[in-house]
Structure formats: structure tokens, C-alpha cells
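Thanks for asking me to look this one over with you. Below are some notes to read alongside the structure, point by point.

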Amino acid sequence: MPPSSLRVVYAFAREMHPKTTDVFIQYGTAGFRTKASLLEHVVYRMGLLAVIRSRCKNGRTIGMMITASHNLEPDNGVKLIDPDGEMLEQSWEAIATRLANVSDNDLESTTGEIIKEVNADMALKASVYIGMDTRYTSPRLAAAAVHGVMALKGTAKEFGIVTTPMLHYCVKCRNDNTYGTPTEEGYYEKIVGAFKNIRQKLPVAGNYNTTLYVDGANGVGGKKLNIIKKTLDGELDLVLFNLGGNGGKLNLNCGADFVKVSQKQPVGVEHVPYQRVASLDGDADRIVYYYLDDESKMHLLDGDRIATLLASYVTELLRASGAAQLRLGLVQTAYANGASTRYITDQLKVPVTCVKTGVKHLHHAALSYDIGVYFEANGHGTVVYSDVTKSTVSKIAQEGDTEQRKAAQLLLNFIDATNETVGDAISDLFLVETVLCARGVDVRQWYETYADLPCRQLKVTIQDRNTITTTDAERKCVSPEGLQERIDELCGAYASGRSFARPSGTEDVVRVYAEAETQEAADKLAAEVAQAVFDLAGGVGDRPTLPA
Ligand code: NG1
Ligand code: ZN
């Protein structure tokens, strides 16, 4: 493409998507995310970048998802998806940030510079898949994305309203047709189809109850499950609530993040003691389960629980298929409950890696195992299987003895029901339901596998959150001086006390996490560490208080 044709980049910007704010915006763990009103020019520019990225990848398809996940309705965001369905390569985050922040007047020249720097062959074809969540600001932003793609002569394909993981899946399939068909229907056929296959092999047994309540967070996940529900023939009886409409607001007092952080049940549902409930987030890439007991006390089954459940079942199938040589490992972050880590190590005897917060770190670490199970405690995670795993299990499914063949065929279906590209609430739901059914257990028995340590998360606002730097997968503070010593001292005063503080990648706050043997102790430890952060790292506003 000759340089003169970059003129249209400026024309689109000036006429349709001008930059109207000087607020600096950064491509973080979750892409760009802020008030929707500040995003139109950013999304337009990401359309440009997606085309450049596609050309750098030899014309392979790149994805663009318009969503702010679990944030409330006024926010929105955009993230790019790389050709294998994974998050944008980290080194491009700085390029994205640069392109998002230049003035309209400098946009044309900066675009030209980036094209040169990354060595993109602008004569190649470029393909970009665009999806969006249910926010009322999303269609406008998706249109800006399309204009960005058009401005650099790429081909945009719009998927309309889809879950984030569906778009990741479609991008992967488009670039690797052995993975599946790159459409929403193709997704249902593969993931839901595999679940149904499993159910035919494993009839409902024991205490397992096919009724599952699902909190859709008033977002896209519930809507898609409503489509899927009609195709399930009694394998699972989904009772869906918070589907949007009836005044229900996206993620407001509902959804996975609300349930996990507040440890309260979402609005929109009657309390049925011991009923198994799953809560999705706004774009359906996170899921947590919970139930209330007969005293209305909530019992949460978060990402750590789901990870241990899936890992133990896959281990069982590997053994039964005679493929125990395949190495299964689990990846967590510092937010994983200490009791889950102990259970994985001592009971499951599975290796565990701890990495920095952010799915890309987990995904990357999981790829180093033959089978990598990764989950953030907040319910974002999946399982990835190496090529060797897939070929070994396929071979056993054909050539093993009867019992081995049976287990291997089940494992192949389990692999097909997994969205390996990214954490996926819908796929995870089917995987969890598979294991609970296979074991014939109810939600209480699942919960009783091990006891979580009580924990608490707090936020502290400081002048500059980058004052806090960390090491050891964010479990230790390096700066400011004296903070880590203080945290160690505070933890030492509590049985099983563990706490850490790290700057958030998505909000202008420092997050403090603490766990201990009792809820009172966890609350107190969290508040004490929050006070230490406030005092030593330049707190602003009210000093955090200790619980009464
Ligand atoms: P930050 O804001 O960096 O803590 C949060 C979540 C992450 C991840 C990202 C992206 C927690 C404690 N942190 O990151 O796990 O999901 O958002 O959405 O839940
Ligand atoms: Zn999400």
C-alpha cells in the first residue's frame, strides 16, 4: 500500500471518530477498558492495528472483542485476539498504547511508523473478526472498529453479539480448520455436541441432580445458554435468570465477580437451600458456582475449586486409559486459596505453578505441561492439551483394551468440550457438570472435598500505584522500602496468615489479599496490610479502618 493511501486513516479519524479527550489510556491485562464515552477513537485505531497485525501474521485472522467484561454498564473496552485465539502478544501492548494516545494530526504518520517498525507487508490481505457484548454502547464501537479495518483495506467480518470466548474460538478455527468451524453454530456443535456425547456414555447417577440454576449477569452468556438450553434433551435442566430485560442491569448485584468478591447471592433468584447455582460474568469468560445452606450461608465454589475438580477427573481418565505418563499440571495465581494449593500438592499430587495475575501468564505457563489446567480464583480458566496428548489419547481410543478405550474416548469428548483458546464460562460449565455427573455427587459433596481458608480482598487508593513493585509472582513487595517486612510481621501474628499487595492492572488501586484460619483473622489481617500500604506507599483519601 503506497504511503499516500494512509490519508484515509486521518480522514476517518477526523470525520467520524475524532479523539476528543487527552486522558492517557493504556492497553492493560484486559485490553483498553474505561468509560464507553472515551473509547470511540481508541476502538477505531485498534481496527487499524488489527489490520497491521494480521499482515504481520501473513494475513491470518485477528480478533477484536468489544467488551468490559464484569464492569458495570457505563464502561466498555476493546481487546485484540491473536491468530491462535490467544491474547495479543505482550510486546504489541506498548504499540497499541502508543497508537491509542497520539493526536488525530499525528495519527497518519504514527500509523506509517508502526507499519515500518513491525515490518508489515501492506500488500497482503488482512482479515479481522469483530464481536461485541450486550452493552448499548457496543454497536457504535463495533462500527468504529469496522472503519479502522476499512481504512487500511482489510476485510472485517462482524459476529454481532457473542461471548468473548466464542470470538476467540472462531478466530482460532478460521486460522486452523482442524479445530472446528468458525461460526457460533460451529461452536455449539463442537462444545455442546461433545457434552451430549459424554452424557450418552455416562448416565446420570448417584446424588447428581440435572437441575442447574444459572445467573447470566444480564449479559451475553445467559442469552447464549438460552439458545443451547433448547437443544439439551434432559441432559441438563438449565434454569436461567438475570438474562437482561425486566430492568436488570449488566453485572449489577449479579454475575461471577459480584458473587466472588461480595460472597453474596445475586439478585433475581429465589433461595433454594443446597441448589447448585452457576454465576457467569458479563461476557461469559468467567464462572463460579455457589449454594446456600439451610441457614442461608453462602458456600462459594470458585476458580480454584473448578480447577481441582477438572484436574482430578482428567488425572483419573489418564490413569484409566493407561496414559499416566502424560504430565498434568495446574497453574494458579497468588489469589488461589492456600487450602486449594495444599490439596493439589498433598492429595492430588499434581505439580502447581504460580504466576502473575492475568490470563496470558496462566495460559503461557499451562502450555508447558502435556495437559495444563489453569484458573484464576475469580473463575477465569480452562484446560489446554498438547498435540502429543491428543495423538496419544486418540491412539488409545482406537487400539487400547476395552477399559482403556472407554476412558480414552471419554477423554477425547472432554477435550472437545473444552474451549482451549481462553477461559470460557459456557465450556467450563459443561466440563464441571460432566465431572459432577460422572462422580454422582451433589454440590455439597463437591464443596466438602477440602475446606477453603477464609479470605478477604480490599482496595487501597494511593497517589501512584506503580510505587508498589512486586516479585515472586506478585507474592512479595520489592518497593516501597519496609512494606514487605511489615507484611511479614503482620502475617506472622496469625495462624496460616498469608497476605500480599499488588497494583491492579485494570483499576487505579492497590489490591490487598489476606487469608487466615478464621474470617475475623482474615478481615483483620487484610485491614492491617491495607493500612501499611496506605502509610508506606502514599495513601490518599480516608485511611483504611480495621473491622469493628
Ligand atoms: P487486576 O485489576 O490486575 O487485579 C483483574 C483480575 C484478574 C484478571 C483481570 C482482567 C482479580 C484479583 N484480578 O485484574 O484476575 O481477570 O482483572 O479481567 O480478580
Ligand atoms: Zn469477562
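**Notes for a first look**

1. Let's begin with Thr357, which counts as buried because its relative accessibility is 18%; buried means under 20% relative accessible area, exposed means over 50%, and partly exposed is in between, with a 1.4 Å probe and protein chains only. Thr357 sits in the loop that runs between strand 12 (352-355) and helix 12 (359-366). Helices (H or I, at least four residues) and strands (E, at least two) are DSSP runs, numbered from the N terminus.

2. Before going further, please keep in mind that this is a predicted model, in which local features need pLDDT of at least 70 and side-chain atom pairs count only at pLDDT 80 or more, while totals for chains, interfaces and linings use all residues. Residues are numbered from 1 along each chain as its sequence is written, chains are lettered from A and ligands numbered from 1 in the order in which they are written, and side-chain values use heavy atoms, with hydrogens and water left out.

3. Which side chains does Thr357 touch through polar contacts? One partner is Glu474, whose side chain makes a polar contact of 2.7 Å with that of Thr357. Another is Arg502, with a side-chain polar contact of 3.5 Å. A polar contact here is a pair of N or O atoms within 3.5 Å; within protein, one must be able to donate a hydrogen and the other to accept it, and residues adjacent in sequence count only if both atoms are side-chain atoms.

4. Oxygen atoms of ligand 1 are worth a zoom. A polar backbone atom of Gly505 is 2.6 Å from one such oxygen. On the side-chain side, a polar atom of Glu376 lies 2.8 Å from an oxygen atom of the ligand, and a polar atom of Asn378 lies 2.9 Å from an oxygen atom of the ligand. Of the 430 Å² of accessible area that ligand 1 has on its own, the protein covers 90%; accessible areas come from the Shrake-Rupley method with a 1.4 Å probe, and for residues only the protein chains shown count as cover.

5. For the overall layout, the protein chain is assigned domain 1 (3-161), domain 2 (188-298), domain 3 (303-432 + 440-447) and domain 4 (455-536). The centres of domain 1 and domain 4, taken over C-alpha atoms, are 35 Å apart. Domain bounds come from an automatic or database domain assignment.

6. Arg135 and Leu250 are 115 residues apart along the chain, and their C-alpha atoms are separated by 7.9 Å. Arg135 is buried, at 1% relative accessibility, in the loop between strand 4 (127-132) and helix 5 (138-151). For Leu232 and Val8, 224 residues apart along the chain, the C-alpha separation is 49 Å.

7. How many disulfides are there? The count is zero, where a disulfide is a pair of cysteine sulfur atoms within 2.5 Å. Cys173 is buried, with 1% relative accessibility, whereas Cys56 is partly exposed at 28%.

8. Finally, a few backbone details. Most residues other than glycine have a negative phi, and most peptide bonds are trans. Ser479 and Pro480 are joined by a cis peptide bond, with omega about 0°, and Pro480 is in the loop between strand 17 (476-479) and helix 17 (483-492). Gln263 has a positive phi, near 55°, and is partly exposed at 35% relative accessible area. Ala284 also has a positive phi, near 65°, but counts as buried at 0% relative accessibility.
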